[in-house]
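Dear colleague,

Please find below the structure for your records. My notes on aromatic contacts and strand pairing follow it.

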Amino acid sequence: MTVKRWFTLQNLLILLCLMTVPLLVYKGIGIAQKLEAVKTAERLFQQKQLVEAEEWYRKAQNNRTILYKENLISSRLDELAPITAMKNDLRDVAEQASKADHEHDFELLMKAYTKLEQVRSRYMTPEGPYSKYYRQVSENYGISPSFTSYFKNFKTMFLQQLEQNLATSNYEDESFKKNLLSIPAHFFGTEQKWMDELKAAFHRYDDTKLTRIAAKGLVESMLDNATSMLAEYQSDNLEAPWIVAKVDSLVESLLKRDWDTGDYTAFATHSKQFTTFASSAHPKSDVLTLVKRRMDELMRKAGKNAANGHYQEAIELYTAIGHYQDTQAEISATELAWTMAEPVRMLPTPQGGSSYAHVVSGRHKFGSKVYVVAMDQNNQLYFGRMNEDDSVQVLTSQDLSPQVQIRSVAIEPKLSTADHPAIVIEAASETRNALYTAFEVQENSISPLYSIEADSLTIQPDGTLQAVNPVGEGAGQTAIFVRSGDQYQFAGIQEDIQDISADQVSQHPESLVRFTCTVIQSGSGEALVMGNNSLVLLRGDFTLPADAANITVTGRFKQYAEINVDEQLMGKIGEVLKGQQGGTTSESNQISIPIVEVEKIQQ
């Protein structure tokens with residue numbers, strides 16, 4: 001048979017029929033499956049097996065081989081929509097949790113768990129209509145065993161991170177703590193069992209970490225880490241008493257070592273650091289009591305040192321204690337006491353390890369609490385003083401040659417004033433017995449008063465100088481120097497004083513004489529005195545006190561004076577006038593007596 005003859009219309013129809021047979025069979029099977037699905041779904045629905053019913057209704061709806069009871073199917077699925085939503089939610093949770101486990105993403109797993117809790121709270125309500133169906137769907141997806149497995153995996157990973165930190169002593173990433181605390185306890189038994197396991201692990205980790213940091217001497221870092229740990233645990237509502245216990249133990253050992261070695265600076269520093277930590281973290285710590293007792297002991301020791309004159313030791317102790325509490329007032333008081341006891345401390349430290357010589361000091365004079373005078377190795381004069389406001393002022397003068405050999409230095413009260421001390425220096429001289437030099441301390445400088453080489457120099461009560469055999473003017477005689485402005489100048493030669501009686505005054509005209517007499521009456525710049533048998537009138541720049549009686553006068557007789565003698569005066573001098581020598585009496589009660597120009601009066 002040829003192909004052409006075979007492709008007849010009849011044969012083509014037969015071929016087409018044969019080809020449709022599989023389709024008809026497939027459609028028939030689909031129809032049968034849908035009919036069976038609807039039947040099964042209805043049966044399950046009536047039996048309240050809603051999870052299975054929803055699945056069969058969903059199969060029937062997806063079977064489009066025949067339109068059969070579509071309205072019923074749609075109505076049932078609408079009624080079973082909560083079951084559908086539940087299955088979708090749990091399927092999503094399962095998929096998300098599986099992905100988190102596969103990718104080691106703990107945050108994603110916690111999000112999946114949070115969503116699971118939300119789904120559970122939605123359907124697992126007391127006497128809720130879908131509670132039993134939730135358990136069924138959850139079991140179908142293996143939710144509980146899957147999450148248990150996942151959390152165990154992460155638990156193992158986090159504990160490995162803990163061990164890795166300890167092995168490497170690298171504590172930068174401690175996220176494993178919060179992550180472990182985030183894992184729901186019921187996956188590992190009871191809440192108490194899980195927390196005991198975590199606390200044991202954290203306790204060991206924290207103790208090891210704090211001990212290692214303290215061993216490196218990083219006390220502040222150790223305390224900062226302890227503070228951070230406590231804050232982190234507190235944010236997770238976990239009490240961690242092992243931290244403060246470990247810190248107490250470490251700090252107590254550290255303080256004992258500081259104390260035993262006498263390192264009080266370290267003791268005070270560590271005490272302050274711990275006190276700052278414990279004031280909020282552990283205010284009832286026994287270590288705080290220890291610190292307080294020891295610091296009080298150090299304060300007493302420092303005070304005792306200061307009282308006994310061991311100022312350096314006291315200041316060192318106060319300075320060490322200052323790392324714990326403010327001791328600036330005690331240091332200042334000790335510095336002041338030390339300066340009062342050793343005023344030379346006000347002066348700068350001499351160079352080359354030398355020391356000051358000819359040190360003179362005093363207190364509460366010249367407007368100063370304390371003052372000091374000293375010479376250095378180059379004969380530079382130093383004057384230091386502490387003012388009433390405790391400020392220190394140091395003045396210097398280099399008027400003396402470094403080659404001069406100084407014998408003595410002193411403050412001369414006869415040349416000093418209330419605010420300006422006068423410093424006198426005696427040094428060796430090649431041509432005379434000594435070189436006499438004086439300086440006056442001004443507000444901000446030291447000014448030279450005189451520099452005289454002589455065999456001797458006497459400072460008179462009136463502030464004048466008497467130099468015996470000075471170099472230059474007055475050589476070989478006793479020269480007088482008086483102050484003119486800020487320096488002393490040569491004023492002349494001192495005459496020899498003749499000691500006479502007051503009755504002999506008129507016998508030594510123009511001569512410098514000295515005599516003793518009794519004051520009859522006196523006024524400003526003038527006085528009437530009496531010797532044994534005669535009267536003398538004194539004139540000059542002087543004022544006698546009211547109770548002056550016997551005085552010694554130095555002066556010169558130059559002329560006579562006429563005075564009136566009244567009854568009152570007559571009563572004082574009595575019979576003395578009858579024996580008056582060098583004067584006469586007139587009928588008008590006038591007498592002539594010698595006048596002495598006074599240069600000095602001594603009582």
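Phe490 is partly exposed, with a relative accessible area of 28%, whereas Phe481 is buried at 10%. In this predicted model, the ring centres of Phe481 and Phe490 lie 5.8 Å apart and their planes meet at 75°. Because edge-to-face pairs are those with planes over 60 degrees apart, the pair of Phe481 and Phe490 is edge-to-face. The count of aromatic pairs comes to 25.

One aromatic cluster is formed by Phe106, Tyr113, Phe147, Tyr150, Phe151, Phe154, Phe158 and Phe187.

Two arginine residues are placed over tryptophan rings. The charged end of Arg294 sits 4.3 Å from the centre of the Trp259 ring. Arg345 lies over the face of Trp338, with 3.7 Å to the ring centre.

As to the strands, S14 (residues 512–523) has the following partners:

- Strand S13 (residues 498–499) pairs with S14 in the parallel sense over two bridges, and Gln498 has Val513 of S14 as its bridge partner.
- Strand S17 (residues 550–564) pairs with S14 in the antiparallel sense over seven bridges; Ile551 in S17 is the bridge partner of Cys517.
- Strand S15 (residues 526–530) is joined to S14 by five bridges, also in the antiparallel sense, and Leu528 in S15 stands opposite Gln521.

The hairpin of S14 and S15 has two residues between the strands, and Gly525 takes a positive phi near 75° there.

With kind regards

Note on methods
Residues numbered from 1 in each chain as written. Predicted model: local features only at pLDDT ≥ 70, side-chain atom pairs only at ≥ 80, totals over all residues. Heavy atoms only, no water. Phe/Tyr/Trp six-rings, centres within 6.5 Å; stacked < 30°, edge-to-face > 60°. Buried < 20%, exposed > 50% of the residue type's maximum accessible area, 1.4 Å probe, protein only. Lys NZ or Arg CZ within 6 Å of the ring centre and 35° of its normal. Pairing = 2+ DSSP bridges. Helix = DSSP H or I, 4+ residues; strand = E, 2+ residues; numbered from the N terminus.
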